[in-house]
2 protein chains.
Amino acid sequence: MPDPDDQLEIDFPRLRDRLDALGRVGGRPDGGNSRLALTDADREGRDLVTMWMRDLGLEVGIDRIGNIVARQRWPDSAAPVMAGSHIDTVQAGGRYDGNLGVLGALEAVTTVIEHGVELRRPLAVGVFTNEEGARFAPDMMGSLVYAGGLPLEEALGTRGIDGATVGEELARIGYSGSVPCPGTPPYAFVELHIEQGPILEHEGVTIGVVEGVQGISWQELTVTGQPNHAGTTPMRLRHDAGVVAAHAVVAAREIAREIGGDQVATVGSFKLDPGLVNVIPGEARLTLDLRHTDEERLKEAESRIRSRVSELVESEACMSEWRQLARFEPVAFDPRVVDLVEHTARDRNHTTRRISSGAGHDAQMMSRLCPTGMIFVPSHRGISHNPAEHTDDSDLAAGANVLLHTLVALAREEEI
Amino acid sequence: MPDPDDQLEIDFPRLRDRLDALGRVGGRPDGGNSRLALTDADREGRDLVTMWMRDLGLEVGIDRIGNIVARQRWPDSAAPVMAGSHIDTVQAGGRYDGNLGVLGALEAVTTVIEHGVELRRPLAVGVFTNEEGARFAPDMMGSLVYAGGLPLEEALGTRGIDGATVGEELARIGYSGSVPCPGTPPYAFVELHIEQGPILEHEGVTIGVVEGVQGISWQELTVTGQPNHAGTTPMRLRHDAGVVAAHAVVAAREIAREIGGDQVATVGSFKLDPGLVNVIPGEARLTLDLRHTDEERLKEAESRIRSRVSELVESEACMSEWRQLARFEPVAFDPRVVDLVEHTARDRNHTTRRISSGAGHDAQMMSRLCPTGMIFVPSHRGISHNPAEHTDDSDLAAGANVLLHTLVALAREEEI
C-alpha cells in the first residue's frame, strides 16, 4: 500500500510569496537583491525569516557567529535533519542564491507540520552567516565556524571592506547569539540551491544531483619582460611580457580541454604595464582559476600549466613568479544522501543529472559534520551573482518538493 | 689633393656642455628631462637655444606655430640646407631625444662658421614645436604645419591635456612668431636622432643610415562574450572574450614573424571586464600597433590579423569590433641623401647599417618639402621616452660629425 505522504506537496504560492517578500528586503529596482552580510538589510531579512520560523512554532536558536537554527520542537534532543543555506547576497545579487535554500527548507518544514507528517527525528532550518564573503572574508564563514573549521574569535575579529568587524556588526544588528560554536552535528544536512551555471538549462534537466564541490586553485602569475618602443624594437629583440601572458591564457584553455571532464580553467584578470598602445609590455599580471572534482587532476592541471608557462617565459627571455591566492581540495558529498536525492527526484518524475558544484556552498562545510547532499535547480543562462539571476517557478517548486521528500525520508529512516 | 675640410671635426666638449645645459632646463633628479611643449620649461629651453643661435650671428626667425629657424646670414635668399629636430620632451623623458638633433645641428653650423668653411648655400637650424605630442595632439605638429600638412588655425586651436590651447600657450611664452606657415622649402633637410631602439647597440654599429619611417597602423579590438561563473560554466559552454583576445595577441606575434623583415606587431594594452578572478571575461579590449616600411606588407598584416581574429571570434561564439585609432603610410627618405649619409659615415670609418625608423620624426614631415635624410646613433638598451635614455659620448660625437659632413656636402653641391 503506498504511503499517502508520497503525494505530499509544498505550497508553492506560499514559497513564491516568501521569496518575493525576502527579495524586497534590500531589493533593487532591477529586480536584484543587495543584502551584504550583517548590514541593516541583512538584519531586516533575518527578522523576517525568524518571524516566519517563530510563527510556525519552531525553536529558534542564534549562535555566537549569528547562524540561525530553527528546529521542530521535539520531546528529546534527537539530532535533527537540517536543511538550509544563507540569505546574505553579493552587492548586486539575485533573489534565489541562498534565499531558495533557506525558504525551501522552511517551506518543507511548514508542509510537514501542517500535514502532521510523522518522523523519527525533527527537521531544522539553518541560516548561515556571511556565505558570500562579499563584505567579510572568507566566504562560507558561518558554516565554517559551525563545523569547527575556523575559530570563533578569529571570525568575530574579521574586518570587512568597510572597516567594521564581524563581532561589532553582529552585536549592532542584534544577532550575536548565545548558542556555542562549533555547532551540534545534525543527523544529516541537505541544501537546495540554484545551479549558478548553465548545465541543467542547457541539457533540459530539472534536478541536479550534486555529488560534490570542485576543488579550487587560484593563482596569480606575474611575467616581467622589458618595456620598449613598439616601433623601434624588432620582433627578435623583444621580451614581451604580454605575449607570454597571452600564451599562458591559451595554454590554460588547451590544458583544461585536454584534461577534460569537470576540469575548468579561467583567466579572469589580465593586466599589462605600462599599458600603452606603443610600448611593449614590461609586465603582465593575470589570475588563473582552476577547478576540478578530482584533486589529482587538479594538481595535474596546476603542474602542466606551470611547466608550459616556464617554457614560454624562457623562450621570450622574461621572468615569472607564481603566487597562490587560494586553494581548496574537492569535497565529495555522502553517497547515500546523493543516491537518496536522485531516487527522490526520479520518483517524482523529474529529469536528473549528476553534477558537481563549481561554486562553494555551506553544505561543503556541513559535510565535515554529517552526511550531506545538495539539490540544484536550473539557472537561466547560468547567470548568478547578478540581478538577472532567474529560475522558473516550476523548477523552484520541483526543487522544494525534492527537498521536502528527501528530508522526510532522512527523518524517517532508522539510525544507520 | 684631399680637401682639408675632410678633417673638420665638431668641438665635442662644446656639444656636451650644451647638451648638459639644455638638459638642466626642466631637468629631473633622475637625470631625465621634463619639458612638455609650450610650458615654462620649454620657453626656458627655447630662450637658451636661441641665445646660442644669436651669439653665433645666425638670423633667427620664429614662425606662427612657434618653429624656430636660425639661418646663416647670406647675401642672397638661397634655400638653406637645414638640420634640426625638437627640444620638447615627454613628461618624463631623456636628454637626447630631439635635443641631440637641434644641438648637433647648431654644433655643425658653429664649426662651419668658426672654420670659415666655404659653401654654395647657407646652413640653417630648425627647432620644431611640439614634436612629442605629449601635451597637444597630434605629435610632429610644428613640422607638419611647416610642411603644409595641417592648417595653422587648426593647430593653434588644439586644446591640450591641461585645457590650454596651442595658440594661447605660444603667445604666453612669447613664441608666437610672425614668419608665415607653411614654411619655405629648404634645399635639403637632415635630422640627427637617437635610434630609440636596440638595433644599433645590439649589432655594435655606430651610425644608422635611416631609409625611411615605418607606416603605422593603430587599432583597437573589442571582443564581447558572455560573463559567467568560472566554476560552474563548463569549458564547452563558454564565450570567453579573454581567450579570444589572448589568441589575437598570439596571432599578431605569429603573423609579424611570418611576414618578417621590418614588420612589427605589438599589443600594448589589454583589458578584461569585469576583471575578476572567478568570472569569465565578458569583454576584452586590446590595442594593436602594426608597423612596416612597406605599405603593402602593412596592409597584409592588418588583413591577416583581422581574418584570424574573425575565425577566433566565431569559434568562441563571441562578437568583435575593430576601431582604427591611427594610420600613417610609410615614408621613404630621398635615396640620394640616404646614400650621402652612408658614404659620409663610411668615409669617417664608422660602421653603418641601413635602418628604418619605427618612431615618427620631424624629418618625415620635412620630406614632403625637400630631399631629406636622417642619421641615427645607438640608444643604450633601446630605452627612450624615459630618464634612463642614454647614448655614449663617442656615438654622440660620431653622429654630430656625420651630420656636419653631410650638411657641408649638401651645401657645396651644384644645384641638381
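**Close-up views of a predicted two-chain model**

**View 1. B:Gly149 counts as partly exposed, because it has 16 C-beta neighbours inside 10 Å.** That number falls between the two cut-offs, since a residue needs 20 or more to be buried and 12 or fewer to be exposed. Keep in mind that this is a predicted model. To find B:Gly149, look in the loop that runs between α4 (141–146) and α5 (152–156) of chain B. Which residues does B:Gly149 touch, once its neighbours within four places in sequence are left aside? They are B:Leu144, B:Met365 and B:Arg368. Have a look at B:Pro182 too: it sits 33 residues away from B:Gly149 along the chain, yet the C-alpha atoms of the two are separated by 8.4 Å.

**View 2. Helices α1 and α2 of chain A cross at roughly 155°.** Here α1 covers residues 12–24 and α2 covers residues 40–55, and their axes come within 9 Å. With that angle, α1(A) is roughly antiparallel to α2(A), because anything over 145 degrees goes by that name. The crossing of the pair is right-handed.

**View 3. Chain B meets chain A, with 48 residues on each side in contact.** On the chain B side, several elements give two or more residues, among them the helix α7 (199–203) and the strands β8 (228–229), β9 (264–266) and β12 (283–292). Which element gives the largest share of this side? That would be α8(B), with nine residues. This helix spans 241–259. As for the make-up of the side of chain B that touches chain A, there are 23 nonpolar, 20 polar and five charged residues.

**View 4. Chain A is assigned two domains.** Domain 1 comes in two stretches, 4–213 and 330–412, while domain 2 takes in 215–328. How far apart are the C-alpha centres of these two domains of chain A? They lie 37 Å apart. Where the domains touch, domain 1 of chain A puts in four residues and domain 2 of chain A puts in eight. The domain 1 side of that contact has one nonpolar residue, three polar ones and no charged ones.

Note on methods: Residues are numbered from 1 along each chain as its sequence is written. Chains are lettered from A and ligands numbered from 1 in the order in which they are written. This is a predicted model: local features need pLDDT of at least 70, side-chain atom pairs count only at pLDDT 80 or more; totals for chains, interfaces and linings use all residues. Axes are lines fitted to C-alpha atoms, for helices over the stretch in contact, and angles run from 0 to 180 degrees between N-to-C directions. Helices (H or I, at least four residues) and strands (E, at least two) are DSSP runs, numbered from the N terminus. Angles under 35 degrees count as roughly parallel, over 145 as roughly antiparallel, 65 to 115 as roughly perpendicular and the rest as oblique. A crossing is left-handed if the near helix is turned anticlockwise from the far one by less than a right angle, and right-handed if clockwise. Two residues are in contact if their C-beta atoms, placed from the backbone, lie within 7 Å. Ala, Val, Leu, Ile, Met, Phe, Trp, Tyr, Cys and Pro count as nonpolar, Asp, Glu, Lys and Arg as charged, and the others, Gly among them, as polar. Domain bounds come from an automatic or database domain assignment.
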